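Here is a short briefing on a protein model.

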Amino acid sequence: MDEDEFIFAWKTVSRDGKVCETGLKAFMSEVAGVSMSVSQIRDLMHYMDANGDGVVSRDDFRIFLEAGPLEDIGPKEFMWEPHRRYRAKSPQSKGSRVATEKDKVEPEKPTSTPANDRIERAVANYERETWQRLLREEAAVIPNLFAQYDKQGRGELDAASFHAMLAQWYDVASFAHCGSLRPADSLAVVAYLRERQAAEGDRAAAGGDTTLPYDLWKAVVDGKFKPVDHLAGGK
């Protein structure tokens, strides 16, 4: 994520210099296609609050977005120590202190008893099962979002479906535009993207087709084919 993308995301979910519940809930629903309850939104904001001051600031939000996919984080940190990386970088953050040699000593494991062993196994099973579920849910977010508009299940969006998707997102980013989104605008975006793809040697993208296949849409979601790159002579 580059700085422009970060600023765009920040403005979408923030009010008065902090992430707000309504902005985050709208973003998750309208853009990510994930409906979340108020309690789930508050849990997510608590997770984002890296320094524990009760507010999801711009820095907190950046740290959250820079965390990367779950597989790069690991279950231990994600589930039990979500703020460890932040505190390692900023030991003076609220609720933390400078680490001492004593802190670096591994805590003693509980004495092995039948009861403690059952607890350890239960926690390990919970961690494993929850982690696998989270990985599956993460992997399904993007395909499920596309499927909401791919009504025919053909792995592509026609011009009308793509326009419906953009129109849904357009309202969330009202701060970034000054007019309405017309069907002709969405059609022009599809034509532009297929032209860019064809320029990279994909013959299937050439011609007057007005559909947007999943692979091309996913490439755009992943940050490819930015107009600024094209104007700069890149890809």
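## Overall figures

Buried residues (under 20% relative accessible area; exposed is over 50%, partly exposed in between; 1.4 Å probe, protein chains only) make up 26% of the 235 residues in the protein. This is a predicted model: local features need pLDDT of at least 70, side-chain atom pairs count only at pLDDT 80 or more, and totals for chains, interfaces and linings use all residues. Residues are numbered from 1 along each chain as its sequence is written, and side-chain values use heavy atoms, with hydrogens and water left out.

- The protein has eleven helices and four strands. These are DSSP runs, numbered from the N terminus: helices are H or I with at least four residues, strands are E with at least two.
- Take the contacts (heavy atoms within 4.5 Å) with a separation of 6 or more: residues 24 or more positions apart account for 55% of them.

## Helix H1

- Helix H1 spans residues 3–13, and its buried residues are Phe6, Ala9, Trp10, Thr12 and Val13.
- These residues cover an arc of only 160° around the axis, so they sit on the same side of H1. The arc is that of the directions from the helix axis to the C-beta atoms.

## Thr211

- Thr211 lies in the loop between helix H9 (183–199) and strand S4 (212–213).
- Is Thr211 buried or exposed? Its relative accessible area is 12%, so Thr211 counts as buried.
- The Thr211 side chain makes a polar contact with the side chain of Asp209, at 2.8 Å. A polar contact is a pair of N or O atoms within 3.5 Å; within protein, one must be able to donate a hydrogen and the other to accept it, and residues adjacent in sequence count only if both atoms are side-chain atoms.
- Leaving aside neighbours within four places in sequence, Thr211 is in contact with Glu156, Leu157, Asp158, Val190 and Arg194.

## Salt bridges

- The whole structure holds nine salt bridges. Each is a side-chain nitrogen of Lys or Arg within 4 Å of a carboxyl oxygen of Asp or Glu.
- Arg62 pairs with Glu3 in a salt bridge, with the closest N and O atoms 3.1 Å apart. The pair links distant parts of the chain: Arg62 is in helix H4 and Glu3 in helix H1, 59 residues apart. Arg62 is partly exposed at 23% relative accessible area, and Glu3 is partly exposed at 38%.
- Glu21 and Arg42 form a salt bridge, with the closest N and O atoms 2.9 Å apart. This pair also links distant parts of the chain: Glu21 is in helix H2 and Arg42 in helix H3 (residues 38–48), 21 residues apart. Glu21 is partly exposed at 31%, and Arg42 is partly exposed at 49%.
- Glu137 and Arg133 meet through their side chains in a salt bridge (3.1 Å, N to O). Both lie in helix H7 (residues 114–147), four residues apart, about one turn of the helix. Glu137 is partly exposed at 41%, and Arg133 is partly exposed at 37%.
- Salt bridges that share partners join Glu3, Arg58 and Arg62 into one network.
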